[in-house]
Structures are given as C-alpha cells and as structure tokens.
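Okay, thanks for having me, everyone. Let me put the structure up, and then I'll talk you through it.

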Amino acid sequence: MSMNRREFLRASALLGGGFALGVMLPGCGREEKRAPAAAGAAAGSGAATQASAQQAPFKPNAWIRITPDDVVTIVVDKSEMGQGVLTSMPMLVAEDLDADWSRIKLEQAPADEVYKNPMLGMQATGGSSSVPSSWDQLRKAGAAARVMLVSAAAKQWQVEPASLTTEKGVVRNPANGQTLSYGQLATAAAGMPVPQDPPLKPASEFRIIGKPMARTDTPPKTNGTAGYGIDVKVPNMLIATVAHSPVFGGKVGKVDEAAAKKIPGVQAVVPVENGVAVVASDFWTARKGLQALKITWEPGKNANLSSESIHDQAAKLAREPGKVARQEGNFKGGMDKSPRKLQAVYEVPFASHANMEPQNCTAFLHDGICEVWVPTQAQTGVQMTAAKITGMPPEKVIVHTTLLGTGFGRRFEQDFVADAVMVAKATGKPIKLVWTREEDMTHDFYRPYSYHALQAGIDEQGAPRAWQHRVVTDSIMSRAMPQMVKKGIDPSSVEGAEDIAYAIPAILVDYVRQETGVPIGFWRSVGHSHTAFAKESFIDEVAHAAGKDPYEYRRALLTKSPRELGVLELAAQKANWGKAPAGVFQGIAVHKSFGSHVAEVVDLRMENGQPKVQRVVCAIDCGMMVNPDTVRAQVEGSVAYALTAALKGPITLKNGQVQQTNFDNYPALRMNEMPPVEVYFVESGAKPSGVGEPGVPPLAPALANAVFAATGQRLRSLPLQFKA
C-alpha cells in the first residue's frame, strides 16, 4: 500500500497521541467529466453530498442545490486563500434561505460566466470584494429558493404562502403546527416560478449573519486533508519545473540539453515564454535536469537596471508636473500665503508577495478539452490563457480551483498557468508544473517602487492651508486593466492620495508614470500600501511642525469625515492615547481603503537601542460584518503582513536581476516579533465593505510615527531603518 505525505503525518499523529481524523470524500458532487482526479479541490467541504438516486435535486440557481435528504449544497464561487470565504459566502446564502447550518455542504464553483464577480467584471477573487460583491447577490439567491420552497408547501397545504414561516430548513404552518423539511419539498419546489426580486430579511431577523461562526476550512487545514494546488495528482501525471530569464525582458539564446537528458527520469525539455521547462517523473529529477541544462540568456535592454538607477529616474521625474488626479482650491496661492512651508520625499520599495505555496498548475489536454487544476484568484483569466495557447474555445477549458496557499494578488497572474498548459500541449501528458521558491521570488509581479514628493503650507495657527502629493510610480493598470487608465492616470497609483479626507483648503494630487521595466502587479492593498505611508507620515510631520498633538491634529481635520473620525477616536481611546506608560511611545495613523476605515496605534519601546513593537491597537469600520471572527483574523493578519513589509525586505535589483531569492534573505516576521493585536469594531450599519486589505495601509506610518516619537528620527523610506 502506498502512503502519501499527509497520510504519513496522520498516521504519525495517531501513534503519538490519538489524533483522530474524519474522512474526506472526493468529488463533492461535481460533474464527473469535470473532475476525474480533483484531489481535494473543494477542501473544507468535509463530505460529499449524498444526492438521492431517485429524485433530482432542487437547483433554483447557480449557488444552491437541495436534495431530498435535507442536505443543502452551496456553491462557492470565490477562491479560498485564508480569508474565510468558504464560510462567509455560505452564511450569506443560508441566512435568507433560512437553512439549517448543520446541513450545509460546500462545493467549489467551476469557471463559468454565471459566477462573474460583479465588482471585477470577471470570475475572480481580490480587491477585498468577496463579501461586498456577494452581499445582495447571494442573499437574493437564498431568498429566491426560500420563496419557492414556501410556495411548494403552501400549494400542498392549500394555504396562503404569507401564512407560513421558515426556520432551520423547515417550512412551518403556525396555524396547525404542520411542518415540511426543505428536502421533502425539494422536488415540488423545482416546479415553482423563480421570483425575480425576492424580499430580503431585515438585519433585526438575522440568525447567522453577524454571528461568530467556526470556519469550515479549519478542520481539513489542521488535520492535513486540505487539498492545495501542489497536492493535485492526476493519473500518469509528469512533473515539470522551469527557469525563466534572470533579467526581466530577457530571452533564451541557446540551450544545450545533452547533460540533462542523460539523467534517468528526465523525459523532455520544453520551451516556454522567456524560459525553459524540464519534464520528469518527479520534481527532484526535473530540478536536477534543469540545473544540468546549459542555457545562454540574452538579457536585453534591462541588463544594467538597478535599484539605484530606478531611484535616480524617479527623483528626476518628480521634478516634472504630473497628470492632475485631484485639484481643489488654489494650491500655489495657499503656499504663497503660508508663513511656514514643509516638504519631504517618501519612498516605498518593490515588494514580493512571498506566497507560502510556490506557483504551480496542473494541466491536461484530452478528449477535446483542457483541464486545469490551479490555486488561482482569476478563473476567467485561466480560461482565456489556456484557450489562447490551445486554440480551444474558453468553454472547453475546465478549471478546478484548489485551495490557495496564500494569494495577496499574486495568483491573479497567469504566467504559471501558461507554463503548465504549454508543457502539457507539447508533451501530450498531464503535467504538474511547479516553480521553485527561488524562481517564484525572482519572477514575481512586485508591488511597484514608488516615490512621493509632498509639500504643505501651514498658517499662523498651524492649520494646513495647502497640500500637494506627487506620486511617481509605474502603472499596474496599464498592463492588467488598460481600460481603467483615464487621461494618463492609473487609479491604483494614486488611490489613498487623491481621496485624502483631511479638510485642507487647497489640495493638489498629481501622478507621474515611471516605466521601470520590472514586472509589477496587485500586492495586498495595492496603491494604498504606499500612498498611506507617505500621507500619514507627512501629516504627522505637519502636526509636529505646528506644535500639535498628532491625534488631536488629525481629529480637527476630520470633522466632516465621520467614519474616519469614528475609528480614529476609538483607536485612540482603546490605546489610551497620550497616557502610555513610561518608556512606551505611540504613533497613530488613519486611512480609508476598499470602502473601509481603519485607524491604528502602535506602541513601542526602545530595547538595546532598537525600537520594539509592544502592541498594535486597531479600530475598523467595515460596515455590517458577516463573520466577526473572520474580520478580526483578517485585520490581525494584515498587521503581520504590514509589519513584515515595514521592517523586513526590500526587493532590490542589480544588473537587471532581483537579488533576493528565498526567505533567508527576504524574511517574514517571526513569531517572537509579532506583537499583541487588539481589534475593535465601529458598527456603522452600512453595507459590508472590504476587510482583507484595509488593515495593511495604516501600519507602516503608525510605526514610523511611533519611532519618531521615541527617537526624533523621521524615517521616510521602507523598510524602516533606525539609526542607533
């Protein structure tokens, strides 16, 4: 009997202390032609739907299936990368369906037009849009099914539907106590008309939304049965790994395959876009084959690119006026009248996503279709990529979405999908293509380097009279979504700067595009991750120059922005702002992103001449919460991610190549460096807004401001480098 790694870990755990596990059945109700070997693709579902063999399930829409055994299967169209959508999406459906949560089963959606994210215009997960984009959509799906079930019961009992109630998967007739379960009504409900605009529950009647719910993906992730992309196995599958040009934009010159093909197990050498893949019976043989290749690279025009040259180019560009993103009042006049003027430059470096699970994808062309198993944030993109390479129509590309070993925007990209499909097409075999960690870190789509030139003029009382923020950075949207670039302005480059909430009479925000030659993409919180650092650090400088407390200064400027003011005041109150114990220094920042408002206070001490973060206090207003536990976890995770970027890294370049290759020289925050994080909620009653990213932007400026409070050093570039 063969035993895989997870089974070995499971058996070891049993021997060591009785760690018993449940059984996870494959398939989870997916059409067999679409999932011949989708091992663990819908991990978290726990068990397969036991559909009745005699009666067809009730499928009122694309998200719900109810079988006569009272099982309610909910199809999840978002990708699970640790943010909890395998719990929050079903909660939305179950609430207005009035389902019995204990009878809910999950199924990962296939790639299909019906699952298009209305906020992103494609089937994709990102931009902190999962709950906001699904709030009405999934609740209406549940409500429509409920109306049809009630109608079926009313017809059977010969009563008015309005006289009936529902609760936990049962339709009840209060007049006589009769009940029918959803499973009993499933077949009849399928014949009822589908309501186009079913009524939704008022918040006062919520039984599921807003309640802390245990995550459905936690058991399989803790017992080792969860299936990530890298765990996929397909019969007769071969493994491939790849090397791309070490210089961005470079190409393959010559390839000497002789030494590689002498290695037992190496089966093919296949060209891919700007690189070469080696195919073998297992990963380590493929890697040995790759190392044995003698590749001559043609580096191209970026051969001399370096971090220093990119900085110099940005500094030069910053002296030129940019495309105006926001202009209010008379900036020049405001500056001229200001008795005191300040200016500063802030810089934010390239950053890697540093996904825990390296990029991977499994592809197999057979029987006129292309099957792809992939940890992706963009199913539509996978279909389009594979269709372009294979020549098949997109509907012939079957996408099995696995769990994602983190995403942060990296898995929007299609480079690793293209590699796998190219190799599968060339070999005619099912291929699992796995990038090494080194290949992943040196060929990321990085957070762009950005250069921020700021100016402010303050009046005799210290109030800001004029404010300018010039953003110099490359354009993500010009590559990823060119239709989003309007009048030369990439909205992702100036977000968080152009919508500054402080009440300042004259505001000028402009944008200068820098084309670096480095591949860039969506990094957690995107433009906000750099604009917030510049904006919230500089407003601290202005407050200090005015001789004001930085919290009170912000507070006075936010009287017309009640939601930002609300989180600012709550964070300050919970952090005991201004009354910190002796030796504790505080920094504060507030920022709006993805529709949510977050304020953070960092407490730090000086230890052995170095600042050490003692505590982070967060206040968030993200509207109504579906699962408060998930929101709290998202904010806590954001602090860990943002602290890493504020203190570790950066990604640097020399001779056109990234110098960091793995976690030894691009480290993540260690457990002993992680401070306690306190999260508090402002309940505004607004519709839900994003939670996966808004916790990131305020952290770096709050930390930098705390360092200034402790040392007097104003650190204007990331990662923060304190001088003892």
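Predicted model: local features only at pLDDT ≥ 70, side-chain atom pairs only at ≥ 80, totals over all residues.

Residues are numbered from 1 along each chain as its sequence is written, and side-chain values use heavy atoms, with hydrogens and water left out.

So, helices. Two packed helices are described by the angle between their axes and the distance between the axes. When I say helix I mean a DSSP run of H or I with at least four residues, a strand is a run of E with at least two, and both are numbered from the N terminus. The axes are lines fitted to C-alpha atoms, for helices over the stretch in contact, and angles run from 0 to 180 degrees between N-to-C directions.

Start with helix 3, residues 130-157, and helix 4, residues 182-189: their axes come within 9 Å and cross at roughly 90°. That makes helix 3 and helix 4 roughly perpendicular to each other. For the wording, under 35 degrees is roughly parallel, over 145 roughly antiparallel, 65 to 115 roughly perpendicular, and the rest oblique. Who makes the contact, meaning heavy atoms within 4.5 Å? From helix 3 we have Arg146, Met148, Leu149, Ala152, Ala153 and Gln156, and from helix 4 Tyr182, Leu185, Ala188 and Ala189. By class, the contact of helix 3 with helix 4 has 8 nonpolar residues, 1 polar and 1 charged. Here Ala, Val, Leu, Ile, Met, Phe, Trp, Tyr, Cys and Pro count as nonpolar, Asp, Glu, Lys and Arg as charged, and the others, Gly among them, as polar.

Next, helix 15, residues 528-545, packs on helix 16, residues 550-557, at about 105° with the axes 9 Å apart. So helix 15 and helix 16 are also described as roughly perpendicular to each other. Helix 15 brings Glu536, Ile539, Asp540, Val542 and Ala543, while helix 16 brings Pro550, Tyr553, Arg554 and Leu557. This contact of helix 15 with helix 16 has 6 nonpolar, no polar and 3 charged residues.

On the helix 18 side, Val639, Ala642, Leu643, Ala646 and Leu647 meet Leu699, Ala700 and Leu703 in helix 19. The contact of helix 18 with helix 19 splits into 8 nonpolar, no polar and no charged residues.

Now the backbone. Which peptide bonds are cis? Another is from Leu718 to Pro719, with omega near -10°, and Pro719 lies in the segment after helix 19.

There are also positive phi values to mention. Lys168, not a glycine, has a phi of about 50°, and Lys168 is in the loop between strand 5 (165-167) and strand 6 (170-173). Ser525 has phi near 80°, again positive in a residue other than glycine, and Ser525 is in the loop between strand 21 (506-513) and helix 15. Buried or exposed? Lys168 is exposed at 57% relative accessible area, whereas Ser525 is buried at 0%. The cut-offs are under 20% for buried, over 50% for exposed and partly exposed in between, with a 1.4 Å probe and protein chains only.

Another buried serine is Ser493, at 2%, in helix 14 (residues 491-494). Not counting residues up to four places away in sequence, Ser493 touches Val471, Thr473, Asp474, Ser475, Tyr511, His530 and Thr531.

Ala501 is in the loop between helix 14 and strand 21. Ala501 and Leu558 are 57 residues apart in sequence, yet 6.8 Å apart in space, C-alpha to C-alpha.

Last, cysteines. How many disulfides, meaning pairs of cysteine sulfur atoms within 2.5 Å? The count comes to 0. The sulfur of Cys361 is 8.2 Å from the closest cysteine sulfur, in Cys370, so that is too far for a bond. Cys622 is in no disulfide either, and its nearest cysteine sulfur, that of Cys618, is 12 Å away. As for burial, Cys361 is buried at 0%, and Cys622 is buried too, at 3%.

Terms used:
Disulfide = S-S within 2.5 Å. Contact = heavy atoms within 4.5 Å.
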